Structures are given as structure tokens and as C-alpha cells.
Amino acid sequence: MPRVLKLGVFCSPTNFVHDNSFRLFFVLLNKLVNTALENLKLKIMKLLLWLILLVICWPLAIGLLFFYPVIWLILLPFRLLGFAVEGVFAFIKALFMLPARVLS
């Protein structure tokens with residue numbers, strides 16, 4: 001029987017599984033569950049902060065609910081431009097490294 005942490009995540013799959021593929025599966029499952037828990041904690045923290053803002057200054061909190069998607073839409077082209085620029089830099093790097101890869 002595996003040892004289980006408080007959050008239900010396998011902490012040591014090597015004690016009960018001797019096959020490397022199962023070990024890799026449980027390690028990846030552990031990372032996936034921990035990442036999901038961290039994302040959930042972050043979302044709950046954002047919600048609590050917004051609720052505190054709602055109690056302290058409700059017009060600002062309601063304004064944030066409206067303006068956050070608008071600001072996200074305004075910044076979306078810059079995010080797409082960033083992906084394009086990153087791709088161009090990766091292409092230039094590959095172009096400069098090509099002679100070294102051919103000679104090695």
C-alpha cells in the first residue's frame with residue numbers, strides 16, 4: 001500500500017512499484033496533481049483578495065471586474081507579437097548555429 005500525503009499525493013512510488021514505467025507514471029502524476037493544487041491555491045487567493053477589495057472599496061472592485069477583460073483584449077496583440085518575435089530570434093539563432101552543427 002502506498003504512503004499518502006495529507007493532500008492525497010503519492011510521496012514514494014518506489015516502495016510499491018518496481019517497474020520504471022510505473023515509477024515514471026507516478027512521478028508525473030505527482031507533479032500534475034501538485035501543479036493543479038498550486039493553481040487552485042492561486043485562484044482562491046485571487047478570489048479572497050478581490051472579496052477584501054469588495055468590502056473595502058466596492059466601486060473599484062466592480063470596475064476591476066469590467067476593465068480586466070478589456071485590458072486583456074487590448075494587450076492581446078502585443079502577446080501575439082511577442083510570440084512572433086520569439087520565433088524570429090529562434091530562427092536567427094538556428095541560422096547562426098548551423099555551421100557549428102554541420103561541422104560537429
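Of the 104 residues of the protein chain, 7% count as buried, where buried denotes under 20% relative accessible area, exposed over 50% and partly exposed in between (1.4 Å probe, protein chains only). The model is predicted, and local features accordingly need pLDDT of at least 70, side-chain atom pairs count only at pLDDT 80 or more, and totals for chains, interfaces and linings use all residues. Residues are numbered from 1 along each chain as its sequence is written, and side-chain values use heavy atoms, with hydrogens and water left out.

The secondary structure of the protein chain amounts to 2 helices and 0 strands; helices (H or I, at least four residues) and strands (E, at least two) are DSSP runs numbered from the N terminus. Among contacts in the protein chain with a separation of 6 or more, 12% are accounted for by residues 24 or more positions apart, a contact being heavy atoms within 4.5 Å.

The structure contains 1 salt bridge, defined as a side-chain nitrogen of Lys or Arg within 4 Å of a carboxyl oxygen of Asp or Glu. It is formed by the side chains of Glu 38 and Lys 41, at 3.7 Å from N to O. Both residues lie in helix H1 (residues 20-56), 3 residues apart, about one turn of the helix. Glu 38 is partly exposed, at 47% relative accessibility, and Lys 41 is likewise partly exposed, at 47%.

A search of the whole structure identified 1 aromatic pair. The ring centres of Phe 66 and Phe 67 are 5.0 Å apart and the ring planes stand at 70°, so the pair is edge-to-face. Rings of Phe, Tyr and Trp (its six-membered ring) pair if their centres lie within 6.5 Å, with planes under 30 degrees apart counted as stacked, over 60 as edge-to-face and the rest as tilted. Phe 66 is exposed, at 55% relative accessibility, whereas Phe 67 is partly exposed, at 46%.

The lining of the largest pocket consists of Lys 46, Leu 47, Trp 50, Leu 64, Leu 65, Tyr 68 and Pro 69. The elements giving two or more residues to this lining are H1 and helix H2 (58-103), and H2 provides the largest share, 4 residues. A pocket is an open set of points on a 1 Å grid over the protein atoms alone, where a 1.4 Å probe fits, with protein on both sides within 12 Å along at least five of seven lines; lining residues have an atom within 4 Å of a point.
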